[in-house]
Amino acid sequence: MEKIIEVNDMVKQFGSFIANDHLTFDVYKGEIFGFLGANGAGKTTAIRILCGLSAPTSGDVKVAGFDIYRETEKVKKNIGYMSQKFSLYEDLTVSENIRFYGGIYGIPKKERKKKETELLQKLEMEEARDKLIVGLPLGWKQKLAFSVAILHQPKIVFLDEPTGGVDPITRRRFWDLIYEASADGITVFVTTHYMDEAEYCNRVSIMDEGKIEALDTPAALKQTYNSANMDEVFIQIARKPEAKKQ
Amino acid sequence: MIKINNISKSYKATQALKEISLEIQKGELHGLIGPDGAGKTTLMRILMTLLLPDSGNAQMGGLDVVKEYRKIRRKTGYMPGRFSLYQDLSVEENLRFFASVFGTTLEENYDLIREIYHQIEPFKKRRAGDLSGGMKQKLALSCALIHRPQILILDEPTTGVDAVSRQEFWEMLKKLQEKEITILVSTPYMDEANLCDRVALIQNGQLLEVDSPSNITSRFPGKIIKVRSDNMHRLIADLRRFKKAESAFAFGQYVHFTGTDNKVEPSELEIYLAGCNHENIEAEYIEPDIEDVFMKLMSTDKEKVVGEGERQEKE
């Protein structure tokens, strides 16, 4: 299977603090990869490196086939990114947001118009084209935010807590989109604090104190840790005295 | 202990709370459960005397939230949604500061916060801004408790917090409850409902239900069948295509299915799914949980949700 992310012995140090401690893992084409860990485990640091925003201290990292040190700009062009906190510009219209992100992700001007029309059709949002994001129902916003993040057909999309604070129906509809993207061959790299969502991933990694403590399918993890669900698996791996973490 | 009577509040054209009434008993651990934008923070800010309601009234420990706001502030502890301590003061300085504001000392009320503070005491010289998420949360809770309040109001203390820290936090709340502190806590995590004595489910500024979690789930009108097979994505799609399907939503490793009537049998689904070439099919009845109920109540409310979004846009 084609590898979309290749991480080999990656270390990231801030002074004496080791945020990522010799990480090694691969993520495959079309895979839904859950990237879990307690607060402060080192997830955000790793994601920033994989998105080309920060260089690792050492180790080999390839994303979408490009070297993270030498081909940073190519990495950025071949990935998509979305988080709950930052996605669309609320005071721009639907159409303006699509065009803006199309431009950012380097879609040629001629194609942008066509992409916009196709996307609005697919989302059944043609009538909302000139409406401001701020007034849209949350479910629409999420759909649109995800769609613009993959508008340039990246090989991989990073979703950083995309469903935090979202109502239970919208949250599940969002996972419908994730499955669809994965079926289209886009790799989905997702973080979440909802452990039920960990069950929807093909494979899950769990970080603790800068290290990947476990990486497998949800079914295999449940078996290894003799747990009924991912919540129990997570708690077994991440529950350590606070004092030890400092 | 907390009495809310027909409270409404609007921000320009957005009605944040619509005639909310709710009573919370002394010593109760009461949950306020709903997604972002449901009105949880607005309600809490009104109770904490930080915001005036447009209409209606509320009492905290018998005191009116508008007229007797000064007295209320001495009797209540509040942990807002955003970390609100002084980042450049140390752990200990923050605690001493909040104690002095309320005319008390850390020593005087140490017994109340001991168990919580004990966990962060080794770092008492550290600046609050340099603490980890779980520790900030413990410090904020200690500060909210330092004046020995009768009522504690916590606005989404577990949002964005990992599953382990969330569990620890709820254990702390249970212990505070034993000390006869009345607690109102909001959360977007439905699974936390079961840790409360009673919960109010809130959506679009309205309360959908108020009761104990077990009473709420026992009133669920339909039957739920949990279903699994080897291909989750296809399973959801196939279940939704089933002729007697009302809803099919993923719940962890299973899909929760409700039929248009209560006559759909698990065996019927098994046969149907086998016909769709699913493998390792399981289907059985299960008891609904709070999230099932919330989704059911939400979908009845659905058209209104979309309608509102459009009204706002026309401004």
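Predicted model: local features only at pLDDT ≥ 70, side-chain atom pairs only at ≥ 80, totals over all residues.

A: Let's start with a term.

A:G164 sits in the loop of chain A that runs between β7 (156-160) and α6. Is this residue buried, exposed or something in between? A residue needs 20 or more other C-beta atoms within 10 Å to be buried, and 12 or fewer to be exposed. A:G164 has 19 C-beta neighbours inside 10 Å, so it counts as partly exposed.

Who are its partners? If we set aside neighbours within four places in sequence, A:G164 is in contact with A:Q84, A:H193 and B:G160. One of those partners, B:G160, belongs to chain B. For a sense of distance inside chain A, take A:L221, which is 57 residues away from A:G164 along the chain: the two C-alpha atoms are separated by 24 Å.

The partner in chain B leads us to the contact between the chains. Chain A brings 34 residues to this contact, and chain B brings 36 residues. On the chain A side, at least two residues each come from α6 (168-183), α7 (195-198), α9 (230-238) and α10 (242-245). The largest share, six residues, is supplied by α6(A), the helix at one end of the loop that holds A:G164. Sorted by class, the chain A side has 17 nonpolar, eight polar and nine charged residues.

Now step back to chain A. This chain is divided into domain 1 (3-78 + 156-245) and domain 2 (87-133 + 146-153). Notice that domain 1 is written as two stretches, 3-78 and 156-245, and that domain 2 is also written as two. The centres of these domains, taken over C-alpha atoms, are separated by 27 Å. Where the domains of chain A touch, five residues of domain 1 are in contact with four residues of domain 2. The domain 1 side of that contact has four nonpolar residues, one charged residue and no polar ones.

To pick out one position, look for A:V7, which stands opposite A:V61 in β4(A).

Chain B has 315 residues, and 44% of them count as buried. Chain B is divided into domain 1 (2-215) and domain 2 (221-287), and 39 Å separate the centres of these two domains, taken over C-alpha atoms.

One helix pair in chain B deserves a look. The axes of α4 (residues 110-118) and α5 (residues 133-145) of chain B come within 9 Å and cross at roughly 175°. That angle makes α4(B) roughly antiparallel to α5(B). From α4(B), the residues B:L112, B:I113, B:I116 and B:Y117 meet B:K138, B:L141, B:S142 and B:L145 of α5(B). By class, this contact has six nonpolar, one polar and one charged residues.

We end with two loop residues of chain B. B:E180 has a positive phi of about 65° although it is not a glycine. Its place is the loop between α6 (163-178) and β8 (182-187) of chain B, and B:E180 is exposed because it has 9 other C-beta atoms within 10 Å. B:N277, a residue other than glycine, also has a positive phi, near 65°. B:N277 lies in the loop between α9 (266-275) and β14 (282-286) of chain B, and it is exposed, with 10 other C-beta atoms within 10 Å.

Technical notes
Residues numbered from 1 in each chain as written. Chains lettered and ligands numbered in written order. Contact = placed C-beta atoms within 7 Å. Helix = DSSP H or I, 4+ residues; strand = E, 2+ residues; numbered from the N terminus. Nonpolar A, V, L, I, M, F, W, Y, C, P; charged D, E, K, R; others polar. Domains from an automatic or database assignment. Pairing = 2+ DSSP bridges. Axes fitted to C-alpha atoms, helices over the stretch in contact; angles between N-to-C directions. Parallel < 35°, antiparallel > 145°, perpendicular 65-115°, else oblique.
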